[in-house]
Amino acid sequence: MSDTKPKAQDQATADVAAEAELEGVPESMKEGGEGEASQPENSDNRIEALETELADAKQAVLYAQAETQNVRRRLEKDAQDARAYAATGFARDMLSVMDNMQRALEAIPSEVKDEEKWKGLIGGIEATGRELQSVFEKNGIKRVAAVGLPLDPNQHQAMVEIPTDEHEPGTIVQEMQAGYVIKDRLLRPAFVGVAKKAE
């Protein structure tokens with residue numbers, strides 16, 4: 001009899017200890033709980049959901065990497081363009097200097113060009129023009145070809161139509177102002193006269 005009482009007490013103590021350990025554990029996870037039968041199914045669903053989340057996260061990372069690469073490429077191109085075309089504004093301003101120099105040379109009468117007293121001045125203006133042309137070429141600034149070519153609206157601006165039978169309609173027959181490009185970008189279109197069919 002005395003042996004039975006301590007055994008019952010030990011059992012009660014063990015039950016209390018087990019109950020304390022199971023505190024906070026969901027019913028579905030306890031042995032004999034209602035959700036025990038559905039546990040494997042829930043595990044499969046949970047694994048499937050986690051795999052979907054992982055795939056979505058991988059896709060998001062790939063998109064982010066691609067966007068970062070695109071941004072880096074754009075920035076590199078912008079930096080290259082900035083270096084290549086940094087002098088565009090200055091070059092555009094210098095075109096009027098070149099125009100005025102050419103006008104000055106064209107305005108000199110041929111009889112004055114032959115006079116000894118003007119040769120130094122005229123030679124200096126011509127040398128300055130050649131130097132300016134050389135500086136343009138070093139910086140990728142080139143004159144747009146015009147006379148004799150078909151009108152190209154990307155490089156030429158038609159100012160007048162000139163009736164003629166000597167040239168095909170649409171051919172440039174006169175250049176009023178030279179056009180220039182810097183590398184592959186237009187600085188200023190050439191102002192031109194274009195042939196049209198004579199009436």
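Trainee: What does Ala-178 count as, buried or exposed?
Mentor: This is a predicted model, and in it Ala-178 has a relative accessibility of 6%. A residue under 20% relative accessible area is called buried. Because 6% lies under that cut-off, Ala-178 counts as buried.

Trainee: Where is the place of Ala-178, and how far apart in space are Ala-178 and Phe-191, C-alpha to C-alpha?
Mentor: Ala-178 sits in the loop between strand 3 and strand 4 (180-182). Along the sequence, Ala-178 and Phe-191 are 13 residues apart, and their C-alpha to C-alpha distance in space is 6.7 Å.

Trainee: Which pattern does the protein follow when it is read along the sequence?
Mentor: The protein contains five helices and six strands, and 18% of its 199 residues count as buried. Read along the sequence, these elements give the pattern α-α-α-α-α-β-β-β-β-β-β.

Trainee: How many salt bridges are there?
Mentor: Side chains of opposite charge can pair when their charged atoms come close. For a salt bridge, a side-chain nitrogen of Lys or Arg has to be within 4 Å of a carboxyl oxygen of Asp or Glu. Glu-67 with Arg-74 is one of the pairs that meet this rule, with the closest N and O atoms 3.8 Å apart. By the rule, the number of salt bridges comes to three.

Trainee: What do Glu-67 and Arg-74 count as, judged by their accessibility?
Mentor: Residues between the buried limit of 20% and the exposed limit of 50% are called partly exposed. Glu-67 has a relative accessible area of 42%, while Arg-74 has a relative accessibility of 46%. Because both values fall between those limits, Glu-67 and Arg-74 count as partly exposed.

Trainee: How many residues apart are Asp-99 and Arg-188, whose side chains meet in a salt bridge?
Mentor: The N to O distance in the salt bridge of Asp-99 and Arg-188 is 2.7 Å. Asp-99 belongs to helix 3 (residues 88-107) and Arg-188 to strand 5 (residues 185-188), and this pair links distant parts of the chain, with a separation of 89 residues.

Trainee: Are Asp-99 and Arg-188 buried or exposed?
Mentor: The relative accessibility of Asp-99 is 6%, and Arg-188 has a relative accessible area of 14%. Because both values are under 20%, Asp-99 and Arg-188 are buried.

Trainee: Which strands hold Arg-143 and Glu-175?
Mentor: A salt bridge joins the side chains of Arg-143 and Glu-175, at 2.4 Å from N to O. The pair ties together parts that are 32 residues apart in sequence, because the two residues lie in strand 1 (residues 141-143) and strand 3 (residues 172-177). Both count as partly exposed, with relative accessible areas of 41% for Arg-143 and 23% for Glu-175. In the order of the question, the strands are strand 1 and strand 3.

Trainee: Which element gives the largest share of the lining of the largest pocket?
Mentor: The largest pocket has a volume of about 150 Å³, and among the residues that line it are Asp-99, Gln-102, Arg-143, Glu-175 and Ala-178. Helix 3 and strand 3 are the elements that give two or more residues to this lining. The largest share, four residues, comes from helix 3.

Trainee: How many charged residues does the lining of the largest pocket have?
Mentor: Arg-103 and Glu-106 are also among the lining residues, and Arg and Glu count as charged. By class, the lining has two nonpolar residues and two polar ones, and the number of charged residues is five.

Trainee: How much accessible area do Met-159, Val-160 and Met-176 have together?
Mentor: Met-159 lies in strand 2 (residues 156-164) and counts as partly exposed at 43% relative accessibility. With Val-160 and Met-176, Met-159 forms a nonpolar patch on the surface, and the accessible area of the three together is about 250 Å².

Trainee: How far apart are the C-alpha atoms of Leu-132 and Leu-95?
Mentor: Leu-132 is found in helix 5 (residues 116-138) and is buried, with a relative accessible area of 11%. Leu-132 and Leu-95 are 37 residues apart along the chain, and the separation of their C-alpha atoms is 9.8 Å.

Conventions:
Residues numbered from 1 in each chain as written. Predicted model: local features only at pLDDT ≥ 70, side-chain atom pairs only at ≥ 80, totals over all residues. Heavy atoms only, no water. Buried < 20%, exposed > 50% of the residue type's maximum accessible area, 1.4 Å probe, protein only. Patch = residues over 30% accessible without salt bridge, like charges linked within 9 Å, V, L, I, M, F, W, Y side chains within 5 Å. Areas by Shrake-Rupley, 256 points an atom, 1.4 Å probe, with all protein chains shown as cover. 1 Å grid on protein atoms, 1.4 Å probe; cavity = no way out; pocket = protein on both sides within 12 Å on 5 of 7 lines; lining within 4 Å. Points joined across faces, edges and corners; volume = space filled by probe spheres on them.
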